[in-house]
Amino acid sequence: MAIQQAAQPSSQKLHVLIIGGGIAGLTLAQALRKYNISFTVFERDESATSRPQGWGISLHSTLVTLENHVPGEVYDAICQAQVNPEAGRDEVRGVPFVNLDTGKVEHMVPKSKRLRLRRDGVRLGLTKGLDILWGKKLASISRKGDDNAICATFEDGTSYTGTVLVGADGAHSAVRRILAPDNNAWENRRLPCNAIGTSYYISGAKVNELREQVDPLYFFGTDPKTNTYAFWSMLEQPDDGGMMYKMQLYFSWIPSGDERELVGLSPAEVFKLKGATMFPTLREVMAEMPEDAVVSYVNLVEWPAVAWDNWDGMATLAGDAAHCMSIYRGEGVNHGIIDGCVLADALKRAADGVVCPRKAVEEYEAEMRLRGKEAVDVSHQACLDAHDYRKIETEGSFALLGAKKV
Ligand SMILES: Cc1cc2nc3c(=O)[nH]c(=O)nc-3n(C[C@H](O)[C@H](O)[C@H](O)COP(=O)(O)OP(=O)(O)OC[C@H]3O[C@@H](n4cnc5c(N)ncnc54)[C@H](O)[C@@H]3O)c2cc1C
C-alpha cells in the first residue's frame with residue numbers, strides 16, 4: 001500500500017485532513033486557506049460536476065460569517081449562484097407560509113438577510129482556488145505510531161497523514177461510523193414523513209402569477225385538508241431572453257396507515273396525487289410538468305446524538321456528518337458553514353501556538369455540539385409542525401416559523 005503524505009505532514013506542523021468536499025468541508029478548506037493553514041480535501045466524487053447536487057438552498061445571517069472567512073473571489077463566486085441575481089446580495093426578506101388550500105399567505109418567517117442560491121453553484125464556487133483530491137473514498141482511519149498523527153486510508157489503497165482529521169462527509173458519514181461505533185450510535189434516525197420532489201421549467205406567465213399571489217422566489221405551506229406540506233422555489237431565471245423559468249417543487253406528508261392508495265403508482269403519479277387538492281395556481285404549475293420530469297423520493301433522516309469519541313482531539317465531525325437535521329427550518333447547510341468557520345478559527349489559534357490542536361478541536365466541539373443538538377431538535381419539531389396545519393393556526397410554531405439562529 002502506498003503511504004503518501006499530504007502537503008505538510010510532519011507531526012510538528014499543523015496539517016488538516018478534510019474528508020468530504022461538500023459545502024461544510026469546502027468552507028473549512030477556504031477558511032484554512034485564508035489563514036494559511038495547511039490542509040488537504042479528499043472527495044469521493046470524480047469531479048465537481050460528476051453527480052447532481054440537488055436543488056436550492058437559502059443562506060441566512062450565516063452569510064456575514066461566510067464572507068468574513070473565505071477569500072473575496074470565492075464569496076463572489078458563491079453569490080453568482082443566486083437564483084435571481086436581480087435580488088442583489090444584500091436583500092433582506094421574509095419567507096411566506098401559505099395556506100395551500102386557499103393560496104393565501106398566512107404567516108411570514110421574520111425578515112433577515114437571505115440569499116436563495118443553487119446548491120451546485122455554491123459548491124462549485126467553494127472549489128475555487130482549491131486543489132481537491134477527487135476520487136478519494138475513505139476506507140478507514142488510524143493513529144500513527146507516536147499518536148501525534150492521524151492517517152486516512154482510501155479505497156484506492158493510498159494513505160495520507162495529518163495532525164487533525166475532519167469528517168465532513170455528509171449525512172451518511174463514514175468517519176462518524178468509525179468515531180461512534182458503540183451500539184451503532186452512528187446510525188441516523190428516519191423522520192416520520194415521506195417526501196417527494198422534482199424540478200422543471202415553467203412559463204413566465206405562471207411565474208408572474210405566483211409572484212403576484214405569493215412570492216417571486218420561494219414559499220412553503222401546508223394544506224389544511226390533508227396536512228401535506230409543500231415547498232416551492234425558483235431555481236433559474238432565463239438568461240437569454242427566453243421565457244421558461246426553472247423551479248423546484250417538493251411535497252411531504254406523514255403517512256397514515258399503509259398508504260394503500262399509493263401502491264403501484266409511479267413517483268410522478270404520487271406527486272400529482274399529493275398536489276391535487278392545492279390552490280389553483282399551484283395545480284396549474286403542476287399541470288406544466290413535462291412527461292420526462294424526474295420525480296424522486298427524498299430519504300429524510302436526522303442524527304440527534306451529536307456525540308462521538310474524538311480520539312483525544314485528533315478527529316472530529318462537521319456539517320451533516322455531525323448534526324444531520326430535518327430540512328423544515330432550512331438550517332442544515334447554514335450550520336455546516338458555521339462549523340467550518342468556527343473550526344478554522346480554533347485551528348488558527350493552534351497554528352499561532354495559543355492552544356494545542358487537541359484543545360482547538362475541543363473548543364470547536366464545545367460550541368458546535370450545543371448549537372448542532374439544538375438545531376437537530378428544533379428542526380425535528382419543525383418537521384412535525386409542518387404537517388399539522390391546525391397546530392400552526394391555533395398555537396403557532398416557533399420551530400417552523402420562528403427566526404433562524406444562524
Ligand atoms: C431536499 C433537501 C433540501 C435542502 N434544503 C436546504 C436549505 O434550503 N437550507 C439548508 O440550510 N439546508 C438544506 N438542506 C440540507 C443541506 O443540503 C445539507 O445540510 C448540506 O448540504 C450538508 O453539507 P455537508 O457538506 O455537511 O454534506 P454534503 O453536502 O452531503 O457533502 C458531503 C461530501 O462528502 C462526500 N463523501 C461522502 N462520503 C465520503 C467518503 N467516504 N469519502 C470521501 N468523501 C465522501 C460526498 O460525496 C459529499 O461531496 C437540504 C437538504 C435536502 C435533502
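Reader: Where is the place of R260, between which two elements?

Author: In this predicted model, R260 sits in the loop between β15 (244–253) and α7 (267–275).

Reader: What makes R260 exposed?

Author: R260 has 7 other C-beta atoms within 10 Å, and a residue with 12 or fewer such atoms is called exposed, so the count of 7 places R260 in that class.

Reader: Why is E43 counted as buried?

Author: The count for E43 is 25 C-beta neighbours inside 10 Å, and the cut-off for a buried residue is 20 or more, so E43 counts as buried. This residue is found in the loop between β2 (38–42) and β3.

Reader: Which residues is E43 in contact with, leaving aside its neighbours within four places in sequence?

Author: Its contacts are G20, G21, I132, L133, W134 and K136. Contact here requires C-beta atoms within 7 Å.

Reader: What makes K348 partly exposed, and neither buried nor exposed?

Author: K348 has 18 other C-beta atoms within 10 Å; a buried residue needs 20 or more and an exposed one has 12 or fewer, so a count of 18 falls in between and K348 is called partly exposed. K348 belongs to helix α10, and it touches Y35 and I37 when residues up to four places away in sequence are not counted. Between K348 and K144, by contrast, the C-alpha distance is 23 Å, and in sequence these two are 204 residues apart.

Reader: Where does V306 lie, and which loop is the place of D312?

Author: V306 lies in the loop between β17 (301–302) and β18 (315–317), and D312 has its place in the loop between β17 and β18 as well. Phi of V306 is near 45°, a positive value in a residue other than glycine, and D312, which is not a glycine either, has a positive phi of about 55°.

Reader: Why is V306 called buried, and why does D312 count as exposed?

Author: V306 has 22 other C-beta atoms within 10 Å, and 20 or more are required of a buried residue, so V306 is buried. D312 has 11 C-beta neighbours inside 10 Å, and exposed residues have 12 or fewer, so D312 is exposed.

Reader: What makes the protein chain as compact as a globular protein of its length?

Author: The chain has 13 helices and 18 strands. Its radius of gyration is 22 Å, and the globule rule gives 22 Å for 406 residues, so the chain is as compact as a globular protein of that length. The C-alpha trace spans about 65 × 50 × 40 Å along its principal axes, and buried residues make up 45% of the 406 residues.

Reader: Which residues have the most contacts inside the largest nonpolar core?

Author: They are I18, L28, V166 and L347, in a core of 116 residues. At least three residues of this core come from each of domain 1 (15–85 + 118–189 + 302–386 + 397–401) and domain 2 (191–298). In soluble globular proteins, nonpolar side chains tend to be buried together. For I18, the contacts beyond four places in sequence include L28, F39, V41, F42 and V166.

Reader: How many residues of domain 1 are in contact with domain 2?

Author: There are 9 residues of domain 1 in contact with 13 residues of domain 2. On the domain 1 side, those residues divide into 4 nonpolar, 3 polar and 2 charged. The C-alpha centres of the two domains lie 30 Å apart.

Reader: Which residues around the ligand come nearest?

Author: Of the 33 residues around the ligand, G20, G22, G170, G319 and G332 come nearest. The shell divides into 13 nonpolar, 12 polar and 8 charged residues, and its largest share, 4 residues, comes from α10.

Notes
Residues are numbered from 1 along each chain as its sequence is written. This is a predicted model: local features need pLDDT of at least 70, side-chain atom pairs count only at pLDDT 80 or more; totals for chains, interfaces and linings use all residues. Domain bounds come from an automatic or database domain assignment. Two residues are in contact if their C-beta atoms, placed from the backbone, lie within 7 Å. Ala, Val, Leu, Ile, Met, Phe, Trp, Tyr, Cys and Pro count as nonpolar, Asp, Glu, Lys and Arg as charged, and the others, Gly among them, as polar. A nonpolar core is a set of buried Ala, Val, Leu, Ile, Met, Phe, Trp, Tyr and Cys residues joined through C-beta atoms within 7 Å. A residue is near a molecule or strand if its C-beta atom, placed from the backbone, lies within 6 Å of it. The radius of gyration is taken over C-alpha atoms; the globule rule is 2.2 Å times the number of residues to the power 0.38.
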